[in-house]
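Please look over the model shown below.

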Amino acid sequence: IAEKREWSCFVTGEKLWELKNTQFSHILEKALNKYPKMKYYEPNIVLMSDWAHQRWTFAPRSELKKDPLFDKVFELEAQLKEKYKQLYGK
């Protein structure tokens, strides 16, 4: 993924000068085996700054929906959920 994409935060657009494993974020969560077939699906993995990744993972969705920076992430999440339904019927 790092070789195929520009190193910038999906949320803020800021340049990421070096990549750490904490900057690879799953849009559909892999925790609790919720979307297991999407774990390695590349469109489900985006680059985020540590700040954005932390917020996406731990902040309440109701709070994030008030922040226009996360609109793009919610749009991608909806697309991926629809794709998951189409592929796996769940």
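The side chains of the protein include 17 positive and 13 negative ones, and the centres of the two sets are 7 Å apart. Lys and Arg count as positive here and Asp and Glu as negative, while His and the chain ends are not counted; each charge is placed at NZ of Lys, CZ of Arg, CG of Asp or CD of Glu. This is a predicted model, in which local features need pLDDT of at least 70 and side-chain atom pairs count only at pLDDT 80 or more, whereas totals for chains, interfaces and linings use all residues. Residues are numbered from 1 along each chain as its sequence is written, and side-chain values use heavy atoms, with hydrogens and water left out.

The protein contains three helices and two strands, in the order β-β-α-α-α from the N terminus. Both kinds of element are DSSP runs numbered from the N terminus: helices are H or I with at least four residues, strands are E with at least two.

The C-alpha trace spans about 40 × 30 × 20 Å along its principal axes.

Of the 90 residues, 33% count as buried, that is, under 20% relative accessible area, with exposed meaning over 50% and partly exposed in between (1.4 Å probe, protein chains only). Among contacts (heavy atoms within 4.5 Å) with a separation of 6 or more, 55% join residues 24 or more positions apart.

Trp56 belongs to helix H1 (residues 50–58) and is buried, because its relative accessible area is 3%. Beyond its neighbours within four places in sequence, Trp56 touches residues including Ser25, His26, Leu64, Phe70 and Phe74. Ser8 sits in the segment before strand E1 (24–26). At a relative accessible area of 19%, Ser8 is also buried; outside four places in sequence, its contacts are Gly13, Glu14, Lys15, Leu16 and Leu47.

Tyr88 is in helix H3 (residues 71–88) and has 32% relative accessibility, so Tyr88 counts as partly exposed. Tyr88 and Lys66 are 22 residues apart in sequence and 31 Å apart in space, C-alpha to C-alpha.
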